[in-house]
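I opened the notebook to look up a few features one at a time. The sequence and structure go first.

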Amino acid sequence: MAPKEPLDALNLAAASAVVEREFRLADFKRLADRLKAPDGVARARIEMSSAGGVPTGELVVRAEALLTCQRCLGPLRRTLESASQLAFVEREDAPVPADYEAIAGDPRMVDLAELVEDELLLSLPLIPVHGTGEKCTGQESQVTRETGAGPIAQEMRRPFAGLKDLLKH
């Protein structure tokens, strides 16, 4: 797995270096509580360069994650992917090349693991649900409710059904 040492974006950009690392999903504290099981690894690749004297990097992150379907609460495997163009600057208000996101801080002490976790959090689906053709017990329950067929329709009670008759008298 990836070492915890920070990256020196200035030197890596000057050398046009490519850095590839793997991170355990369980090591990402903010991401772990959003996963059904924090198993697996995230793969990150950052291609460093320089644009206008500013160290930049194109970060690509990919991970297979086990989420919880919000319809049936069952396991749901999804691929989380992200690609970002980052500019490493000392101050947030420093000028950055067009289409690059400013990462403020010491460019000689870039925490790649934190950037990868941020990208994975941003790539999570808003509401994870099984897709068309995938088995989801929540879809069966919803269809049963909508059509009025099956055991849910038989169990449905209408507590105010007789209220209309009572109001007439």
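Does Cys 136 count as buried or exposed, and at what relative accessibility? I looked it up: Cys 136 counts as buried because its relative accessibility is 3%. Buried means under 20% relative accessible area, exposed over 50%, and partly exposed in between, with a 1.4 Å probe and protein chains only.

I noted the ground rules next. This is a predicted model, in which local features need pLDDT of at least 70, side-chain atom pairs count only at pLDDT 80 or more, and totals for chains, interfaces and linings use all residues. Residues are numbered from 1 along each chain as its sequence is written, and side-chain values use heavy atoms, with hydrogens and water left out.

Entry on cysteines. I found 0 disulfides in the structure, a disulfide being a pair of cysteine sulfur atoms within 2.5 Å. For Cys 69, which is in no disulfide, the nearest cysteine sulfur belongs to Cys 136, 3.7 Å away. Cys 136 is in no disulfide either, and the nearest cysteine sulfur to it is that of Cys 72, at 3.6 Å. I also checked Cys 69, which counts as buried because its relative accessibility is 0%.

Entry on strands. I took helices (H or I, at least four residues) and strands (E, at least two) as DSSP runs, numbered from the N terminus. Two strands pair if DSSP finds at least two bridges between them. Strand β2 (residues 41-51) pairs with strand β3 (residues 54-68) in the antiparallel sense, over 10 bridges. Ala 51 stands opposite Val 54 of β3. The hairpin of β2 and β3 has 2 residues between the strands, and there Gly 52 takes a positive phi near 60°.

I then followed β3 onward to strand β4 (residues 75-89): the two run antiparallel and are joined by 13 bridges. Leu 66 has Arg 77 in β4 as its bridge partner. With 6 residues between the strands, the hairpin of β3 and β4 includes Leu 73, whose phi is positive, near 65°.

Entry on rings. I found 1 aromatic pair. Rings of Phe, Tyr and Trp (its six-membered ring) pair if their centres lie within 6.5 Å; planes under 30 degrees apart count as stacked, over 60 as edge-to-face and the rest as tilted. The pair of Phe 23 and Phe 28 is tilted, because the planes are at 40°, with the ring centres 5.9 Å apart. I saw that both Phe 23 and Phe 28 are buried.

Last entry. Leu 167 lies in helix α6 (residues 163-168). Leu 167 counts as exposed because its relative accessibility is 66%.
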